[in-house]
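This briefing covers the architecture of the structure shown below. Please keep the sequence and the model at hand while reading.

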Amino acid sequence: MSRHQSGLTTVVLAYRDTYCASWVEAFRCIISFVTSVLLTTAVCAQGVGVQGPSPAETKPQELSRDASRIYAGAKGSLFQVRILTATGRSQAATGSGFVVSSDGLAITNYHVVSKLVVDPSRYVAEAVSTAGERDDITVLKIDVLHDLAVIRINKRRDWPPLRISSKSLKQGERLYSLGNPLDLGFAISEGSFNGLITRPYYPQILFSGAINSGMSGGPAVDESGEVVGVNVSKRLDGEQISFLVPAQFVSLLIDQGAATTVQPTQQEFRSEIGQQLTLHQSTMADQLLKAPLATRAMGPYAAPINERQGIRCWGDDPNQPQLKYYYSRLHCRTESVVGVEDYVRTGFINVRHEYFATKQLDSFRFMQIYSKAYKNETFGNYRDRHWTGPECNDAFVRGEGAASVPVRAVVCVRALRKFDGLYEFALMAATVDDSRSGLHTRMDASGVTLENGQRIVKAFLDAIGRQP
Amino acid sequence: MSGGPIVVELLDRAGSVVARHRCIELPVRLGRAYDNEVIVDDPFVAPNHLRIERRANGELVAQDLGTRNGIYAVTARRWSPWQGAVKRSNEIVLTPDALVRAGHSTFRVRPIDQAVAPERLDTTAHAWEGWRPAMVAFAMLALLAMFNAWSADTTTQESFVYETSVALVVGVMLVWAGAWALLNRLFAGRARFGRHFLIGAVFIVAAFVTSLAAQLLAYAFSLGWATRFDSHVSLVLLSIAVYFHVATIKPLSMAFARRFAVAFALLAMGLFGLYRYATQQQFGDSLYMTSIQWPAIRMVTPVSTDAFVKEIADLKSRADLRRNDFAGGEEN
């Protein structure tokens, strides 16, 4: 089951990273994928039920008088963002947004308008107010990393702005999230502030309240009606675990966007995204490598990983009495990925360690298992629109540490087609110092520069070894 | 060439003799009627179709006896006289290799002193047919299947892998050998199943052994190509097996078997390579050396991480060249 968060409009995408250790497990993965999709559907369906218009179901969660007051105060500033295909003007994505200045500047999520930014010739966008008024919008400034965009309402200047809060919040403080969930109509949901999550690279507010697809980009306001955050995502594996982009990043972006008057060109946006991704990867690499990689014990081996800010690990040590060998794994990934487009997610590091050992099997059969697992790795294909095919090199390598052991390693590089200077580096290494035990390490660093890719690959190769 | 008896040989479409008539005296008549010396059951042949005579100079000739369908001189080709150029004429000179078509029947005429090829040395092992080679093949396949099942037997569950593995391998080879035996029966009149079964078994064992050897070699000396072209090596071995199958069917046409096997190899490897190239932009099986073996057989010293990481720059340059592969499509 996938354990990382996903954008509001891209619920299923979280499952693209479903992890398959080998072909033997691929089948199991397909089963678990299907199960996940079924579960997701169930979760979504449940969400719709809670938010749905059926009076029987809404009664127990009747909104407080405060909520009515808050909604009345904010509804003039609230609107739905509709991304339409240029040919046919049919709806391709929906989100929410809110006005922040009297001259028509407004805020939404980057992921809501990403189609318009990446493919301006194929998509147009419009805003629909709570009163049903429509207006075209242009995108002025984007922040891919915090998932924010400053847009301008082109003609209608009579939509009142919301104020951005600069107060600090206390745990448990009541917050109200507004938006248009699942294109069903405008809605407000109550919840509480539960602190700032600082584990991902970009802090987010943990909001214990319901937000749903389509509410992305909508405001979350406090009791005084001031914006404290922007709805961005929720966890599928939790109940009412939602995330908001803190208001401070909104203020920063408005300051930058206010000077812009016309929508930047596709090329300008592309270079802007490229710069932000480059900034992100240097933060990510620096945090990972600011100290030598720590190691975890897997059998007699030292498996390198830094579970620092942004990277979380999950271990799996299944008791498999039917196997004549021992197998355990450790799986680490950055908690957030950067979504550039619906199908381009980058800016992450994934690490997987697998330990194999046997007491009862002869070395011939152990080597068969160990070799097969090394062989069953994929590195991408040549038909991907967004990434080039993998270019690989392999060798026997030995790290510099005193406890290092020789490994067989293959490294593959793929270039991001649209963004200059950013690559995905995949490393697969197998220790080759013993005929009846070994450690496999697969590391993927996506959306990083050549220099950082080399640093990261080297750091991992140097740290693989025996336990001191 | 002087007088003496002649032999009229009726041929089938493939050029093999189906009937011979020895005639002591000339002229000889050929036709459907019972008063002919050579009787042919062919509705397109006249009751009295042609006459074979010897001229004063000793030449044998065939003369049309005024039929509707006439007689034709066929310029023989190796594979089929029916494909050769034909010419209708009233009188055809019969050299020993001249073919004559009357109606749908083809024949040639040879004097009894026609020279024949010397006897070939029989190298066929006649005892090595039937169940003997079949049992050897079965034993080889069963051993291979058992070994394979053993090397994958890493669980404690009773799963009958040995039995199913043997049944599968032997079953597949029975079908393969059966197809060749059918062709053999068709073209040479007997099946020779045991031989075909043995050829198939030897191929499977050879493919397994070379693959295993390639894996050991690739690991020992860090040779990527040794495992990368595993499938191509198997196809070469398969072509060799095809050569022996064809040679078993037509033991006297080694040259044909050779041509057939080479054509098979080029076609199979070409198509397979193209498929690989279309999906992976390379002709081999994998992007990297995929074999991990015993530490003791590694013969090369590991490189330093610095040296390994330095080469990533080349990979990056290669990837950069591919960035605009899709440019020119209807996008952007």
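Predicted model: local features only at pLDDT ≥ 70, side-chain atom pairs only at ≥ 80, totals over all residues.

Which residue of E9(B) is the bridge partner of B:Val61? The bridge partner of B:Val61 in E9(B) is B:Val93.

**Five-stranded sheet of chain B**

- Five strands of chain B make up an open sheet with mixed pairing, in the order E4-E3-E5-E6-E9.
- The edges are held by strand E4 (38–39) and strand E9 (91–93) of chain B; each has a single partner strand, so one side of each lacks a neighbour in the sheet.
- For E9(B), pairing with strand E6 (residues 60–64) of chain B is antiparallel and extends over three bridges.
- The bridge between B:Val61 and B:Val93 places the latter residue in E9(B).

**Six-stranded sheet of chain B**

- A further open sheet in chain B consists of six strands in the order E2-E1-E11-E10-E7-E8, and its pairing is antiparallel.
- Strand E2 (17–23) and strand E8 (86–89) of chain B lie at the edges of this sheet; because each has a single partner strand, one side of each is left without a neighbour there.
- From one strand to the next, the twist of this sheet averages 30°.
- Six bridges link strand E1 (residues 6–11) of chain B to E2(B) in the antiparallel sense.
- B:Leu11 has B:Val17 as its bridge partner in E2(B).

**Overall form of chain B**

- The secondary structure of chain B comprises eight helices and 12 strands.
- Chain B has a radius of gyration of 32 Å, whereas a compact globule of 332 residues would have one near 20 Å.
- Along the principal axes, the C-alpha atoms of chain B occupy a box of roughly 95 × 60 × 35 Å.
- Of the 332 residues in chain B, 28% are buried.
- Among the contacts in chain B with a separation of 6 or more, 54% involve residues 24 or more positions apart.

**Domains of chain A**

- Chain A is divided into domain 1 (54–263) and domain 2 (274–466).
- The centres of domain 1 and domain 2 of chain A, taken over C-alpha atoms, are separated by 37 Å.
- Contact between these domains involves eight residues of domain 1 of chain A and 13 residues of domain 2 of chain A.
- On the side of domain 1 of chain A that touches domain 2 of chain A, five residues are nonpolar, two are polar and one is charged.

**Contact between chains A and B**

- Chain A contributes 54 residues to the contact with chain B, and chain B contributes 38 residues.
- Helix H7 (363–375), strand E21 (391–398), strand E22 (406–415), strand E23 (423–431) and helix H8 (450–463) of chain A each provide at least two residues of the side that touches chain B.
- H7(A) supplies the largest share of this side of chain A, with 10 residues.
- By class, the side of chain A that touches chain B contains 28 nonpolar, 11 polar and 15 charged residues.
- Strand pairing also crosses between the chains: two bridges connect E21(A) with strand E12 (residues 303–304) of chain B, and these strands run parallel.
- Within that pairing, A:Val397 has B:Val303 as its bridge partner in E12(B).

Note on methods. Residues numbered from 1 in each chain as written. Chains lettered and ligands numbered in written order. Domains from an automatic or database assignment. Contact = placed C-beta atoms within 7 Å. Nonpolar A, V, L, I, M, F, W, Y, C, P; charged D, E, K, R; others polar. Helix = DSSP H or I, 4+ residues; strand = E, 2+ residues; numbered from the N terminus. Pairing = 2+ DSSP bridges. Rg over C-alpha atoms; globule rule 2.2 N^0.38 Å. Buried ≥ 20, exposed ≤ 12 C-beta atoms within 10 Å, placed from the backbone. Axes fitted to C-alpha atoms, helices over the stretch in contact; angles between N-to-C directions.
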